[in-house]
Amino acid sequence: MVCFRLSPVPGSGLVLLCLVLGASSSYSLELNLTDSEKNICLYAKWQMKFRIRYETTSKNYKFVTISDLSNATYNGSICGDDQNGPKIAVQFGSVFSWVVNFTKEVSTYSIDIISFSYDTSDNTTFPDAKEKGIFTVYNPVAFGIPLNDIFTCNSVSTLEKNDVVQHYWDVHVQAFVQNGTTSTKEFLCDKDKTSTTAVTTTHTTVPSTTMPTPKEKPEVGSYSVNNGNGTCLLATMGLQLNITQEKVVSVINIKPNTTDFTGSCHPQTALLRLNSSNIKYLDFVFMKNENRFYLKEVNVSMSLNNGSVFSIANNNLSYWDASLGSSYMCNKEQTVSVSEAFQINTFDLRVQPFNVIEGKYSTAQECSLDDDTILIPIIVGAGLSGLIIVIVIAYLIGRRKSYAGYQTL
């Protein structure tokens, strides 16, 4: 017997809701499997999101994001027997399916393999897909959990293989439930033990935390992305990362000479990815919007000095907006608020993610911080005001002298 519940995350769980990459609604899936005697044999509650990249017939790449799981079904989920272990099977319509298998040892059980399948034959979901058919990615997990413990992982876990990126968070699962009652003893994942990992979807109005800034400005690096036709993205900037964990602030300057960069360019999006010895990735994702472009998404995953992994993502940003065919420039210090825990300070910034011609920047649109044109009317106005005051004073002095030249009869 299968009992399940699918419900939107309540308001009190906004922090957990922020763990998903995207601004769409997030749903918490909850599954209770019972055996023939109606005793609970497997319990799971979790949230997840998927992103798929596929090639089109025009040799470009598009992305499909699955975050709305409101139509989920659980056909094929089983408690398991002597021949087969427990299994959670979830379907999202006829296009996507997700399966996780469990195995059991003497005193432990394991989340064994997670598989995710998608059907590119569905033209509505995968328009103009070059290759049609069902594709499946398998991710071995295989780590032991003590029997009668419930596995808990509130932090974001990411699985990336081939063209599929999977994100999981707020996970609570217990296979091989003993005596039909889920355990109150938790087995925490490593991320929950050692790090504060969070991802936010709040908009650019996220309040910034007051942070100490290093005395030295970061070095300015030059980055570029090439496709088959030449340079398609240009970026020049000094980058300073501000990370807050448990009210402790870390400020890190990106060093261009020890930083590698890659990326990709597509008709509607462009990606610049930076990485180094401690930064797994720092992604800047740009998007076209009619005749303009802007920075829509920032993703980061990096190792901190305390050994923890810090991961943040936000795909609901709106920075560095400029017209297509131009570049965006901001020489003064500017802050990109990715979340309350993560901000990026930029210096001497110039970017052009689309319509790069002959590998050179086009005419720049300056940010408001650099715009000094407002000083001109202020200076002119102040000068005119001063001139008027001088004229009035001179006039008054002249009148007083004129009156002094006449005597009363």
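Tutor: Helices (H or I, at least four residues) and strands (E, at least two) are DSSP runs, numbered from the N terminus. This is a predicted model, where local features need pLDDT of at least 70, side-chain atom pairs count only at pLDDT 80 or more, and totals for chains, interfaces and linings use all residues. Residues are numbered from 1 along each chain as its sequence is written, and side-chain values use heavy atoms, with hydrogens and water left out.

Student: OK, how many helices and strands does the protein have?

Tutor: There are 3 helices and 27 strands. Of the 409 residues, 43% are buried, where buried means under 20% relative accessible area, exposed over 50%, and partly exposed in between (1.4 Å probe, protein chains only).

Student: Let's do E20 and E21. In which sense do they pair?

Tutor: Antiparallel: strand E20 (residues 279-289) and E21 share 10 bridges. One of the bridge pairs is Val285 with Glu297 in E21. The two strands form a hairpin with 2 residues between them, and Glu290 in the turn has a positive phi of about 60°.

Student: Which other strands does E21 pair with?

Tutor: E22 (residues 309-314) is joined to E21 by 6 bridges, antiparallel, with Ser303 bridged to Val309 in E22. That hairpin has 5 residues between the strands, and Gly307 takes a positive phi near 90°. Strand E23 (residues 319-323) also pairs with E21 in the antiparallel sense, over 3 bridges; there Arg292 has Ser323 as its bridge partner.

Student: Why is E21 described as largely enclosed?

Tutor: Because 9 of the 12 residues of E21 (residues 292-303) are buried, the strand is largely enclosed by the rest of the structure.

Student: Now Leu274, buried or exposed?

Tutor: Leu274 counts as buried, at 2% relative accessibility. Leu274 lies in strand E19 (residues 269-275). Leaving aside neighbours within four places in sequence, its contacts (heavy atoms within 4.5 Å) include Tyr223, Leu239, Phe261 and Phe284. Asp260 is another contact of Leu274; those two are 14 residues apart in sequence and 5.7 Å apart in space, C-alpha to C-alpha.

Student: Switching to cysteines. How many disulfides are there?

Tutor: The count comes to 4 disulfides, taking a disulfide as a pair of cysteine sulfur atoms within 2.5 Å. With the bonded cysteines numbered in sequence order, the pairing is 1-2, 3-4, 5-6, 7-8.

Student: What's the handedness of the Cys41 and Cys79 link?

Tutor: Left-handed, with -65° about the S-S bond. Cys41 lies in strand E3 (residues 40-55) and Cys79 in the loop between strand E5 (72-73) and strand E6 (87-92), so the pair ties together parts that are 38 residues apart in sequence. The sulfur atoms are 1.8 Å apart. Cys41 is buried at 11% relative accessible area, whereas Cys79 is partly exposed at 22%.

Student: And which way does the Cys232 and Cys265 disulfide go?

Tutor: The torsion about that S-S bond is about 80°, so the disulfide of Cys232 and Cys265 is right-handed. Cys232 sits in strand E16 (residues 230-245) and Cys265 in strand E18 (residues 260-265), so the pair ties together parts 33 residues apart in sequence.

Student: What about Cys153 and Cys189, buried or exposed?

Tutor: Both Cys153 and Cys189 are buried. They form a disulfide with sulfur atoms 2.1 Å apart, and the torsion is about 70°, so this disulfide is right-handed.

Conventions
Pairing = 2+ DSSP bridges.
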